Amino acid sequence: MQGEFESDRAFLPKNMIENSMFEEDETEGIPIDDGMSDVAIGMRHTGATDDVLHDAQQHSVPSSPGLSRLPVYGLDLDELEEDEEDEDSSRRLLGTAFLYRMDDEPGAMRNSDLAEIRNARSGAGINSLPACTLRRAFAAVLLCALAVVVITVLAYKLPGPCNSGDDCQSTTLPSPTVSVRQNIDEFLWSNNRLPRFVQPKIYTLHLHPNITNETFSGQLKVTLTVIEQTSYIVFHGMGLNILSAALLAVDSSLPSSLLTNSVLQQHAVRSTEPLRAGHQYDLFLNFSGNFSHNLKGLYRSTTRNENGILKYLAVTQFEPTYARMVFPCFDEPAFKAKFSLSLVRENRHVALANMPLVKSEPLPGELTKDSFLTTVKMSSYLLAFAIGEFESISSKTNSGVNVSIFAVPGKAQHGKFALDEAVKALELYETAFSIAYPLQKLDLLAVPDFGAGAMENWGLVIFREIYLLLPPDNTNAFSIISVSRTVTHELAHQWFGNLVTMEWWNDLWLNEGFATLMEVIVTDALHSDWDLRSQNSLNNMLSAMKKDSLQNTHPISANVHNISKVEEMFDSLSYQKAAAVLGMLRFYLKVQPFDQGVKVYLKNNSYRNAEVEDLWRAISQSVDNMGDVTKMMDSWIYQPGFPLVTATLNGNEVHLHQDRFFLDHPEAPDTKSELWRIPLILLTSNNSLSDLEFHLMVNREDKLPIGEVTWFLLDEGDVGGFYLVNYDVANWNALQKQLMEDHTVFGSSQRAVLLHSAFVLAFSGILNYSVPLSLTQYLPAETSFVPWHSALRNLGVLNNLLEFYGAESHHLQDYILNISTPILNISFSWNSSEIVQQRMLQEYSFPLLCRYGSENATRKALSLYFNWKRHNASVPADVLATVYTEAVRSVPEAFDFLLSRYLNESSSSERYILLQALASTPNATQRQWLLRAALDEQMIKTQDLTTLIVTMAVTSPNGTLDAWDFMVQNWDFLVEKFGLGSHMLSLMVSSTTMSFSKPEHVAKMQHFFTMERRAEMRSAAAAVELVEINRKRIASIRQETATWLNSLEGHL
Ligand SMILES: [Zn+2]
């Protein structure tokens, strides 16, 4: 999966990223389901509804969060007689269930639950739980008793898997003919992880999504193999109404009952006869449910056609744990199985799924049933489908895979670039891994509403439109790179993630770290002129280091026993830090052995699940000593944080010392803190890169011989290392002098990393701000994008902190304009140059120069705006965002004009740019109007709300405060929309708070986040920690910056 802003956020020229020394990328997790929706929906439709409910109420445990909420909804189920009323109520319940999450105290149930998990060994091989354990668990766990005992022989023939057009069964799965309900007062399992006594082999799933009324119904047959004898089959389901169930052995049905535990999002079928190991059984389920309203599971996306008519489409998003919202399944990555899917759609629609269509059959009522080829063996989170009006363009790889771009009508043509990238990338991956892409087709689908940036579903990758489509008249350099990187990332997942999947979510980094690493390698191979490799170290640092320098971080491989914490694994540590660490190993092993090992890893684990040791074992086959690889990587994978290496010249040696780095730098470092195995290259004024060898630093203290040198550098820049280096003052001065004399002695990546490191060390109080600020003095001679990116980002962070205080910020802005004048005068062509690096520099720096008061830049932006508005002259795509933004900031009527364009615009990328411009308005009334409008998803799409809040938060101190107030006042609404564990909410929290340092702001924020369960949100805890550091450091930061800027007086 590619998170929002993931692919381009490290180098977007957007205002939103200027506020961060590093990118913010935390996702947080809090239990997603409160247990209520499942209960409520589970109670409708079956004739048993009322009886079961009354029984459940009688059995309810007062402290259990699920049942205790029943009265909250004011729902008297005795009154629910009509089906329609039933449906409305259920939907209401589903929609409002989120509102009650904040009231959901972490009570005894969750604690005991957690204790159970800690005691259990990940579910594997556990056949039966001691009854006392179960009863104790039940005493605290919400149990909902929906029971259907099937005691009859099911006299129907069931469809088999769909492997070709001929053997597809056309009949819908029938319901069991007889069922007897029974109230069960005890669930059977108390672990978040499923037991492993059965293994699903193949799902035959038939679904009928009704897009108009946002409901679905389905029939499912799961063929299971019993691994260990058991009487229970436990599987997932969330918010589903299971209408009937049946369990069949080869020739007979088994009397059984169905139980539901909505807190664990699990159902259990209990058989009165033991299921025998090595035997096969079929589980049949009929069920129904509602579309979600939070872009998870199955949801409705909307678009308008060229006539302004509203069109609906149905889309799925199952990673990490949302397949269970759409059908009952064993929803953990290790339960790999095949899926044979059929879908009912309206005749005017197209249905897309992982596999090619093999058969379409007409049904009454203008409906069609589409059956798809059975999938390869895969995890449930990779299943996907979409139904709507789509058009496509297609191409073929040289190995014959049919690659298509699908989009809503009128937009598929905008996918030409992505199609070309996808074909080339697929061919490259097939060659690089020596494993063919196993499916006949690969569809890349752009949808108007999508929570993440993109999702790698096998054979049907789904993208948010701006990450796949490039409208010809609105294609800036960053969008081109972003589309390319997103496509190469998702295609890498077809191997890393789909073919070989992590065993459990604690090792999500095996999926995401690899995909992020491959994305850079392959995009660089396709477009070497973009110079992505030299941007890589800085991007990884910008993305992940800030989070990793706080106490509130976690190791790359972190324990996630609780299913509700899974979502928070999708953060910058699983993506960028993991990619950096893998890249570091790759360089250290001199590339080839690493690449060879990866091939072995993929081959050995195809269609299976892998753990970290499998990877090290495979890589070690190509190197001399596996112990070395494992030891080195363990230090990076299992320890939180990263090292600061302090390097001091002492005669003919460089003394090295390592400690864990904290932004809140301790007075006396902990001498027992973690140790890392750090690959280093010592670069000096006397040697060149060609004769350099890695040195692996393994102890706290180390030394390297060095001759007579003017300066030295521990080269993390080109290595791609995930660590910081500090030098003695004399060496910092010597490096600064070298930059001034001839900066090209260092590579552009090294220059960028030097600048970034100095700023981070100054923020934490290790260096005086005079050091990083002095380094920036060479910039008038700098023409490469990466060092400028590093400098402007860090200066932007400093400016945003100081802006709350006034004077120093004005001086700093004058200084930034002064050093930037040469790029403004020389580099700006004002036309789309062919040189992507130059376009990026222009696109990145232009809005900043305008913001810091460059009259030249603002005049240029406004002249482009008026020429466009009055004479319809085109504006170069790379500066379009700045032109709109400057118009909103300077021209009174521009806001209304651009707002009306926003409301009527159908292009997602154009809307994105327009919304950013509108959010930058200096007018408080307009900001308030926008924020109010954000509550109405007809006006601003849910997925775009983050853009609005984040942009507003980083544009000005007043914008920050407005965005903060909005977030606080509408916290429950935002939690309902996005979920506490979501990446989007996390971005809002970090962007609205990261520049707070005044005591009144810090106190207000700390008060808000320490209330109720908000402190459980890791990004909130991190934000609180960060502003506390801001508060402690701000006086020194102001003083040091002012002193340095004053020392320049007369020299500017
Ligand atoms: Zn991914």
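**View 1. Val591 sits in the loop between helix H10 (573-588) and helix H11 (592-604).** Helices here are DSSP runs of H or I with at least four residues, strands are runs of E with at least two, and both are numbered from the N terminus. Although Val591 is not a glycine, its phi is positive, about 70 degrees. Val591 counts as partly exposed, at 27% relative accessibility; buried means under 20% relative accessible area, exposed over 50%, and partly exposed in between (1.4 Å probe, protein chains only).

Before moving on, please keep in mind that this is a predicted model, where local features need pLDDT of at least 70 and side-chain atom pairs count only at pLDDT 80 or more, while totals for chains, interfaces and linings use all residues. Residues are numbered from 1 along each chain as its sequence is written, and side-chain values use heavy atoms, leaving out hydrogens and water.

**View 2. Glu214 is another non-glycine residue with a positive phi, about 55 degrees.** Look for Glu214 in the loop between strand S3 (198-210) and strand S4 (215-226). Glu214 is buried, with a relative accessible area of 15%. For background, most residues other than glycine have a negative phi, and most peptide bonds are trans.

**View 3. A cis peptide bond joins Glu319 to Pro320.** The omega angle of this bond is near 0 degrees. Pro320 belongs to the loop between strand S12 (310-317) and strand S13 (338-346).

**View 4. A zinc ion is held by Met1 (N), Met1 (O), His489 (NE2), His493 (NE2) and Glu512 (OE).** Donors are N, O and S atoms within 2.8 Å of the metal (3.2 Å for Na, K and Ca), and water is not among the atoms, so sites may look incomplete. Met1, in the segment before helix H1 (36-42), and Glu512, in helix H8 (residues 508-526), are 511 residues apart, so this pair links distant parts of the chain. Both Met1 and Glu512 are buried.

**View 5. Asn476 lies in the loop between strand S22 (460-464) and helix H7 (477-493).** Is Asn476 buried or exposed? Asn476 is buried, with a relative accessible area of 4%. Leaving aside residues up to four places away in sequence, Asn476 touches Arg839, Glu843, Ala877, Asp878 and Ile913, where contact means heavy atoms within 4.5 Å. Val879 is 403 residues from Asn476 in sequence, yet their C-alpha atoms are 7.9 Å apart in space.
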